Amino acid sequence: MLNHGNSSSSRDVATLLHPQTNFRAHEQNGAFVVTHGEGVRIFDENGKDYIEGMAGLWCASLGFSEKRLAEAAMRQMTKLPYYHIYNSKSHDPAIELAERVLALTPVPMSKVFFANSGSEANDSVVRIVWYMNNALGRPNKKKFVSRQKAFHGSTLVSGSLTGLPHLHRDFDLPLAGIVHTDCPHHYRFAKPGESEEDFATRLADNLEKMIVTEGGAETCAAFIAEPVMGAGGVIVPPRTYFEKIQKVLKKYDMLMVADEVICGFGRTGNMFGSQTFNIQPDIMVVAKALSSAYLPISGVILSDKIYQVLADNSARVGMFGHGFTYSAHPVAAAVAVETLKIYAERDILSHIRKVGPRLQAGLRQFADHPLVGEVRGVGLIGAIEMVADKASKQPFAPEQRVGPSIAKAAEENGLILRAMGDSLGFSPPLIITEDEIDQLLTRFGRALDSVSKQMGREVLKPAA
Ligand SMILES: Cc1ncc(COP(=O)(O)O)c(C=O)c1O
């Protein structure tokens, strides 16, 4: 082992299969073992601190040491550590959480179905929509349109909704009936001189063409989108995009599913990304910041129109035959309730609106750097994309691993970031202060400088 030749790391390598990991490289490099957290920081086995610039996986919104969440878990653990909500059973944490979530939605919603992860929630969306369309006597209306570079999860169905090649390759995905339309990344995919508005119009036209090719209103059931694409590289949609997309969806009687797993609960500066980008969803999916990630819980939020169809059909066929042992797990639900209380008490939205501009302005200070092609973001989410040539936007060859090298250098400088190809993602805990944002930017600047220095003249040399 090269870097982490200690006993925890060796035991890890001997036993654990890690998600989204190159196993052979892991055997070589060992594990990065995290021991504890404090505020926006985590600490490794040697006591070194890191600013968690990604809040883990875009999720630890209240940082890594919120005692109130631990206490809420403990209270619920000792009162009712487990119960289910099948067959009309219930418990107070589930009820209170559903009430609180429904009180926050940007459009009137009727019911919440709880699951344990974003993937399960998105799988549940597909089941719900299929069940609904069968109930409505529309057995052919089942197709989902997602987007290239979307991330909606890793299970077979949510992994199919995902539009990233590495989640499909050698897994026999995507499954039939799930298609992917354009990624709305203006910097990468707009034609020369095309405005954001014109790009959005072209993408909406392309969506319509795809829907028609796939069979139109008869076969196409729903469109799913993250308001800001996360794992695809933090792609902020072009102006007017969702207005134009939703017009097409209406024309073909398709549902709008907003995957708010990353954007939900303040990330973009509003409670939901749907508000930031003028989305009127029929279904919303939440997870991650719902519980500040302290325990796994996710939710599918449904309009009343959809609920009424499900309700009629459950009466007709005997039940709604879907759910999980841990749906609305009382301890996870209690932690989520406490999380939402903290957001309200501390007015997390005002905080994000105050500190978000500092992060966005700070990231944009790197725009002139020779390696930087685009800086993008909104609220407390952003990305910096590295390119071989600024003028032509030519990317580096993947084998140059420029993005991963910068993430590694950031780590050496005490900052955890995520490299998505050559885009470095930023999505710190929502509690981050201006001072901590400045420290994050300083550490990033050092990492960027050290990699550009190592690259020497190569910095400016495009890939062959
Ligand atoms: C937008 C979005 N949807 C769904 C998921 C899947 O969530 P999970 O990993 O909890 O299954 C993720 C995970 O990052 C996500 O970013």
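Let's start at aspartate 259: one of its polar side-chain atoms sits 2.7 Å from a nitrogen atom of the ligand. Please keep in mind, everyone, that this is a predicted model. In serine 119, a side-chain N or O atom is 2.5 Å from an oxygen of the ligand. For lysine 288, the distance from a side-chain N or O atom to a ligand oxygen is 2.8 Å. And how much of the ligand does the protein bury? On its own, the ligand would expose 390 Å², and the protein buries 82% of that.

Now let's look at the shell around it.

Let me take you to another spot, the second largest pocket. The space in there comes to about 940 Å³. It is lined by 29 residues, and the ones closest to its centre are Ile85, Ser88, Val112, Phe113 and Phe320. If you'd like to find the lining on your screen, look for helix 5 (92-104), strand 4 (111-115) and helix 13 (304-317), each of which supplies at least two residues. And what classes of residue make up that lining? There are 17 nonpolar residues, 10 polar ones and two charged ones.

Technical notes:
Residues are numbered from 1 along each chain as its sequence is written. This is a predicted model: local features need pLDDT of at least 70, side-chain atom pairs count only at pLDDT 80 or more; totals for chains, interfaces and linings use all residues. Side-chain values use heavy atoms; hydrogens and water are left out. A polar contact is a pair of N or O atoms within 3.5 Å; within protein, one must be able to donate a hydrogen and the other to accept it, and residues adjacent in sequence count only if both atoms are side-chain atoms. Accessible areas come from the Shrake-Rupley method with a 1.4 Å probe; for residues, only the protein chains shown count as cover. On a 1 Å grid over the protein atoms alone, a cavity is a set of points where a 1.4 Å probe fits but cannot get out, and a pocket is an open set with protein on both sides within 12 Å along at least five of seven lines; lining residues have an atom within 4 Å of a point. Grid points are joined across faces, edges and corners, and a volume is the space filled by probe spheres set on the points. Helices (H or I, at least four residues) and strands (E, at least two) are DSSP runs, numbered from the N terminus. Ala, Val, Leu, Ile, Met, Phe, Trp, Tyr, Cys and Pro count as nonpolar, Asp, Glu, Lys and Arg as charged, and the others, Gly among them, as polar.
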